[in-house]
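Here is a short report on selected local features of one protein model. Look over the sequence and the structure before reading on.

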Amino acid sequence: MSVLLLPVLLLALLGSCDLKIRVVSGADTLLEGGVISVSDSLVSAGEVFELGFFSPGNSSDYYVGIWYKQMPVQTVVWIGNRNFPVPITSVLGIRGAGNLVISYEQVIFSISNVTSNANTAATLMDSGNLVMKDSDSKVVWQSFDSPTDTLLPGMKLGINLRTGRPWFLQAWRGSDDPGLGAYSLKLDLDQPGQFSTWQGSKRYWTTGPWDGEKFSAIPGMRFNKIFNYSFVDNENESYLTYIPFKPNSTVRAVLDVSGQLKQLEWVEDTQQWNYYMGVPQPQCEIYAFCGPFGLCDSSTPDFCGCLSGFEPLSTANWRQGDRSAGCARRSQLQCGNSSVNTDKEDGFLRLSHVKYPRDPIQDEIGSAQECQSTCLRQCSCTAYAFDSSGRCLMWRGDLLNVDQLKAGNDSAETVFLKLAASEFPTSEKINLALVITPVVAVVVVLLFCVYFGRRLWSKRKPKGRNILHFDLDMESTKGDLSRVKPVDSRKNCDPGLPLFSFASVSAATNNFCSENKLGEGGFGPVFKGKLLNGMEIAVKRLSRRSGQGMEELQNEAMIIARLQHRNLVRLLGCCLEEEEKILIYEYMPNKSLDAFLFDPAKQGLLGWETRILIIDGIAQGLIYLHQYSRLRIIHRDLKASNVLLDEGMNPKISDFGMARIFCGTESGVNTSRIVGTYGYMPPEYALEGLFSVKSDVYSYGVLLLEILSGQKNTGFYHSDSVHLMGFVWDLWNKERALELVDPVFQDKCPQQKVMRYIKVGLLCVQELAADRPTMSEVLLMLTNDAVVIPPPKPPAFIPVRSPSASNPSMAVNNHVRYSDNGLTMSEVDGR
């Protein structure tokens, strides 16, 4: 009897244990409950593809990928965890609601995101597609719906119009780094029937429209005998796909790290990939490479020049090799411009041996003369062409991708460019000698007068420019912000910033009248100013009573002048005259975050979506400061009053007077002078003077919890805890964390999302700096639901309130016991 019971007992034991069954290497299917370790793999039935863990180049990180099984050099075509590398101890399995996950220690990363019944299985197909099906054989997820950098035969590149799901390629970050790179290839929703390569948010290259057999910007597709492309566009889907012309050939298209889409074919005889074609090929094919009205010539070293009658829009940028802004007219057209006083009509300049610019408009006009007349009458028309087929082509607005071709090129065309009459030579003959001689004499006399006049009146010259005439758009276009020379380098706030006169700043603020005062902080009062063009500015004036001075002003000016990010406040210039020390910023109409967050009358304006926008935006700004700016910056005074809000409630980090530039090799710095605001400083800084990027992470965590709760960390009296973090920790341990949420939006926010944000906030305020995540990790956890967040450890400073603390004034006295280390508080009111 005992022998018969043995199998039953073993089954019961196995059922009671959460055992993971290792997959036998070589199988093509992973079942629910099975796992694949670094030494295991799946192999498709025909042994074409293999799936498993791989480590690129010299990296010690591991990724789940799919590659060709039989090739001597590993060629990866798909990756499941591009931005989430894992250690060698990781395993791949199916768990939960049927999701494909990578796990190690307590971390779980979900590759798929589906909800299914039990008995889900993942099978690697000979096409390279990893397909997950449920017990009813229904496909619940497939890797072909999540391409990486490679387009295999049968994959789609485009969009599912019913679900809104895009299919696009994104290049590797580097040859040994499969993370998300700078370039992506997508269906261009702004230009129907075209695909564009993007460099970040900038359009880099386009295919041109599909004409039934090829894209217009890829004429070589017409002679293609390897890749059989087809473009499908209907009410449900819009996508490009392909199959090989030769059924048994192995081909792939890959978007490489340089942004070029390469088409490759495997050659068995040589055992290597044969490069068939890549786009874009020459620089001139890159979308708007020379900018509007630029002329691209691949036979010249610099490639780019301006069309006749045009000049670089930004000479400074042009000299530095950045031609993306393009060119502007030297003389404005008469058509549609009342300011041009001339009785002469605009004309046309013949451009020979060029490629047609992008996006021509075809008009049904029968003759070249009529085509010219029509373009001349239409003020928006900038150029026209009348081709050999009798088509009238016109271009409106900016001309892009005008390429100069070599003589004899079959693709060469002729385009007529509209120019002002003044750009064409006149028939009048002028005796230059009679004119030049007296002019030169007059100029010499005037130069002497100017020289001695400047010497005589130099001491009476205003110390700076007139801010009333400042035009931000013009300054950005001309690049003046980087060319202004300081009046006095010993007193200048930063050589890259305009220096304005005190008289003009005073006039802009109506002599610093009280009606224009926005607030006052540790630096001094902040005033609203208005320029002649209607632009509003914020003027920060150093108070003589302020503990801050020239050092903090120079520090803030030096740092902000070198930073450019949508979540950082923009510094426009400064004023230094006599005892006056002033900084001028862009004006933020919604003032600071604390003006909304801690004001019961305004809290309702901060809904859930707005708060998430602010939380994520602050994180983006800090990531830029810590990792991606030219200077590695630690803010050291992040708090609600130092986060300004623009008209769209987008956050902008401000007040860099306490910020510190950090060397790339430094992991932490000690200081004897502790600055900042109590309640936002981590313990290692408040008690020991040690600060690092993790100091800003701590401040961010405090701010995140304040935004979610609508409660201020300092002066918190709503529980037995001495501050907000202790209150949150107490709720977390009692599994009542949702009680933290501001009642203003408590019923309108997704609970799982709120819990995720609270958990991340607690991770940021952990006592040990080493336990806190980096800001990149913070943003990943906030925005990627597939990342499993580890449990937080207790936050710093969580003693409970003593019985005597029922009196708020006594509680405050207990609260400042950490201020013995020369603490300087910078509690700035909202601006």
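This is a predicted model: local features need pLDDT of at least 70, side-chain atom pairs count only at pLDDT 80 or more; totals for chains, interfaces and linings use all residues.

**Helix α3**

Helix α3 spans residues 368-377. Its buried residues are Cys371, Thr374 and Cys375. Viewed along the axis of α3, these buried residues fall within an arc of 95 degrees, so they line one face of the helix. The other side of α3 has exposed residues, Gln369 and Arg377.

What lies over the buried residues of α3? The cover includes four strands: β30 (347-355), β32 (381-386), β33 (392-396) and β35 (413-419).

**Helices α13 and α14**

Two packed helices are described by the angle between their axes and the distance between the axes. Helix α13 covers residues 751-764, and helix α14 covers residues 775-783. Their axes come within 9 Å. They cross at roughly 165 degrees. An angle over 145 degrees counts as roughly antiparallel, and α13 and α14 are therefore roughly antiparallel to each other. Their crossing is right-handed.

Which residues make the contact? From α13 come Lys753, Arg756, Tyr757, Val760, Leu763 and Cys764. From α14 come Val778, Met781 and Leu782. Seven of the contact residues are nonpolar, two are charged and none is polar.

**Backbone details**

Most residues other than glycine have a negative phi, and most peptide bonds are trans. Some places in this model depart from that pattern, as follows.

The peptide bond from Val279 to Pro280 is cis. Its omega is near -5 degrees. Pro280 sits in the loop between β25 (272-279) and β26 (294-296).

Glu47 and Lys591 are not glycines, yet each has a positive phi. The table sets out their values and places.

| Residue | Phi | Loop | Relative accessibility |
|---|---|---|---|
| Glu47 | about 55 degrees | between β4 (41-43) and β5 (49-54) | 43% |
| Lys591 | about 60 degrees | between β40 (580-586) and α8 (593-597) | 32% |

Conventions
Residues are numbered from 1 along each chain as its sequence is written. Side-chain values use heavy atoms; hydrogens and water are left out. Buried means under 20% relative accessible area, exposed over 50%, partly exposed in between (1.4 Å probe, protein chains only). Helices (H or I, at least four residues) and strands (E, at least two) are DSSP runs, numbered from the N terminus. The arc is that of the directions from the helix axis to the C-beta atoms. Contact means heavy atoms within 4.5 Å. Axes are lines fitted to C-alpha atoms, for helices over the stretch in contact, and angles run from 0 to 180 degrees between N-to-C directions. Angles under 35 degrees count as roughly parallel, over 145 as roughly antiparallel, 65 to 115 as roughly perpendicular and the rest as oblique. A crossing is left-handed if the near helix is turned anticlockwise from the far one by less than a right angle, and right-handed if clockwise. Ala, Val, Leu, Ile, Met, Phe, Trp, Tyr, Cys and Pro count as nonpolar, Asp, Glu, Lys and Arg as charged, and the others, Gly among them, as polar.
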